[in-house]
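Work through the exercises below with the sequence and the structure at hand. Try each task before reading its solution.

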Amino acid sequence: VGIGVLLTGYQNSHRSPYMDGELNSDQFSYNFYVANNFNLPGAVKAELTGYYQSAFIYSIFEARPQYSVDFGLNKTILDGRGKISLNVNDIFNTRQFEAVIRQADLNLDLINKNESRRINLTFNYSFGNSEVKPARRRNTATSDEQSRVKEN
């Protein structure tokens, strides 16, 4: 069982001539990512991840918060040579970009929703001989000389 957390904060500031006025915006924003790994019965491994992005300003866009949750399972099979994985991205189908623009006479609401919920089933197999001996370590004249100097 393991948990990984990443929290990032940042300040966006925009200053620019815009139409008949000036674009002047500031906002502190952050994003949060957490990954949880679990060992389940039957040597099955699972991972549950979550992502959250707070509201943020980018130029004239005021983006709304975004979030999503992903889940995956995997199991090693065939004497360690194969691995089967099942992953579901964006379980709750929430991943989308929403923003508003409110500048002078411009009043715009944006929603961009791509297909983000996906289910992937993958199988990996390792071909080749797993019993191959590691390469011999070969000494050069320089390494032999260095070892003699260390001994003296």
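## Exercise 1: Contacts and overall make-up

Task: State what share of the contacts with a separation of 6 or more, in the protein chain, comes from residues 24 or more positions apart.

Solution: In the protein chain, residues 24 or more positions apart account for 47% of the contacts with a separation of 6 or more. This model is a predicted one, and its chain has one helix and ten strands. Of the 152 residues of the chain, 20% count as buried, while the accessible surface comes to about 11,500 Å², with 54% of it belonging to carbon and sulfur atoms.

## Exercise 2: An open sheet

Task: Find the order of the strands in the open sheet of four strands, and decide which of them are edge strands.

Solution: The order in this open sheet is β4-β5-β8-β9, and the pairing is antiparallel. Strands β4 (56–58) and β9 (106–112) each pair on one side only, and these are the edge strands. From one strand to the next, the twist averages 25 degrees. Within the sheet, strand β5 (residues 61–63) pairs with strand β8 (residues 97–103) in the antiparallel sense over two bridges, and Glu 62 has Val 100 in β8 as its bridge partner.

## Exercise 3: Salt bridges

Task: Say how many salt bridges are counted, and explain which parts of the chain are tied together by the pair Arg 64 and Glu 98.

Solution: The count comes to three salt bridges. In one of them, the side chains of Arg 64 and Glu 98 meet at 3.5 Å, N to O. Arg 64 lies in the loop between β5 and β6 (66–77), whereas Glu 98 belongs to strand β8, so the pair ties together parts that are 34 residues apart in sequence.

Another salt bridge joins the side chains of Arg 95 and Asp 70 (3.0 Å, N to O). This pair links distant parts of the chain, since Arg 95 is in the loop between β7 (82–89) and β8 and Asp 70 is in strand β6, 25 residues apart.

Methods:
Residues are numbered from 1 along each chain as its sequence is written. This is a predicted model: local features need pLDDT of at least 70, side-chain atom pairs count only at pLDDT 80 or more; totals for chains, interfaces and linings use all residues. Side-chain values use heavy atoms; hydrogens and water are left out. Two strands pair if DSSP finds at least two bridges between them. Axes are lines fitted to C-alpha atoms, for helices over the stretch in contact, and angles run from 0 to 180 degrees between N-to-C directions. Buried means under 20% relative accessible area, exposed over 50%, partly exposed in between (1.4 Å probe, protein chains only). Contact means heavy atoms within 4.5 Å. Accessible areas come from the Shrake-Rupley method with a 1.4 Å probe; for residues, only the protein chains shown count as cover. A salt bridge is a side-chain nitrogen of Lys or Arg within 4 Å of a carboxyl oxygen of Asp or Glu.
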